[in-house]
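The report below walks through one protein chain for a reader who is meeting it for the first time. Please look over the sequence and the structure before reading on.

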Amino acid sequence: MAPLAELTDGQWAVIEPLMPQVRGRSRPYREHRQVVEGIVHRYRCGVAWRDLPERFGPWQTVWKRHARFSRD
């Protein structure tokens, strides 16, 4: 398990196959686990998107991916 992980390795093993595959993009996605853990952290702590810790990457990336997953 990664340090300060929001999800256990077992939980991530269930979620990972559901993530979109990176194919033919000019720029690869930020690591899915990092972004999903940012989403989980935001809901667990009730913080605003802009207050996410830096370990989850740019808050805009986490927010955009959450919005995309929600639409899908």
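Arg-55 and Glu-6 form a salt bridge, with their closest N and O atoms 3.4 Å apart; the term salt bridge is used here for a side-chain nitrogen of Lys or Arg within 4 Å of a carboxyl oxygen of Asp or Glu. This pair links distant parts of the chain, since Arg-55 sits in the loop between H2 and H3 while Glu-6 belongs to the segment before H1, 49 residues apart. The model is a predicted one, in which local features need pLDDT of at least 70 and side-chain atom pairs count only at pLDDT 80 or more, whereas totals for chains, interfaces and linings use all residues. Residues are numbered from 1 along each chain as its sequence is written, and side-chain values use heavy atoms, with hydrogens and water left out.

Glu-6 also forms a salt bridge with Arg-44, where the closest N and O atoms are 3.3 Å apart. Because Glu-6 lies in the segment before helix H1 (9-15) and Arg-44 in helix H2, this pair ties together parts that are 38 residues apart in sequence. Glu-6 is buried, at a relative accessible area of 12%, Arg-55 is partly exposed at 38%, and Arg-44 counts as exposed at 53%.

## The other salt bridges

By this rule the count comes to four salt bridges. One of them joins the side chains of Glu-37 and Arg-33, at 2.9 Å from N to O. Glu-37 and Arg-33 are four residues apart in helix H2, so about one helical turn separates them. An α-helix has 3.6 residues a turn, so residues three or four places apart point the same way. Both Glu-37 and Arg-33 are buried.

## Overall build

The chain has three helices and zero strands, where helices (H or I, at least four residues) and strands (E, at least two) are DSSP runs, numbered from the N terminus. Read along the sequence, the pattern is α-α-α. A compact globule of 72 residues would have a radius of gyration near 11 Å, and the chain agrees with this at 12 Å; the radius is taken over C-alpha atoms, and the globule rule is 2.2 Å times the number of residues to the power 0.38. Along its principal axes the C-alpha trace spans about 35 × 25 × 20 Å, and 28% of the 72 residues count as buried.

Contact, here and below, means heavy atoms within 4.5 Å. Among contacts between residues at least 6 apart in sequence, 47% join residues at least 24 apart.

H2 has 14 residues, which should span 20 Å at 1.5 Å a residue, and its end C-alpha atoms are 20 Å apart, in agreement; the expected span is 1.5 Å times one less than the number of residues. The buried residues of H2 include His-32, Val-35, Val-36 and Ile-39, and the buried residues of this helix pack against H1 and H3. Just after H2, Gly-46 takes a positive phi of about 70 degrees.

The largest nonpolar core has six residues, namely Val-35, Ile-39, Trp-49, Leu-52, Phe-56 and Val-62. Such a core is a set of buried Ala, Val, Leu, Ile, Met, Phe, Trp, Tyr and Cys residues joined through side-chain atoms within 4.5 Å. Leaving aside neighbours within four places in sequence, Ile-39 is in contact with Trp-49, Val-62, His-66 and Phe-69.

## Helix H3 and a buried arginine

Helix H3 covers residues 59-71, and its 13 residues reach 18 Å from the first C-alpha to the last, close to the 18 Å expected at 1.5 Å a residue. Its buried residues are Val-62, Arg-65, His-66 and Ala-67, and what covers them includes helix H2 (32-45).

Arg-65 is buried yet has no salt bridge, and the nearest side chain of opposite charge, Asp-72, is 9.5 Å away; in assigning charge, Lys and Arg count as positive and Asp and Glu as negative, while His and the chain ends are not counted. Not counting residues up to four places away in sequence, Arg-65 touches Tyr-29, Arg-30, His-32 and Val-35.

## A buried glycine in the loop

Gly-57 lies in the loop between H2 and H3 and is buried, with a relative accessible area of 15%. Its C-alpha is 8.1 Å from that of Gly-38, although Gly-57 and Gly-38 are 19 residues apart in sequence. Gly-57 touches Arg-30 and Gln-34, again not counting residues up to four places away in sequence.

Notes. Buried means under 20% relative accessible area, exposed over 50%, partly exposed in between (1.4 Å probe, protein chains only).
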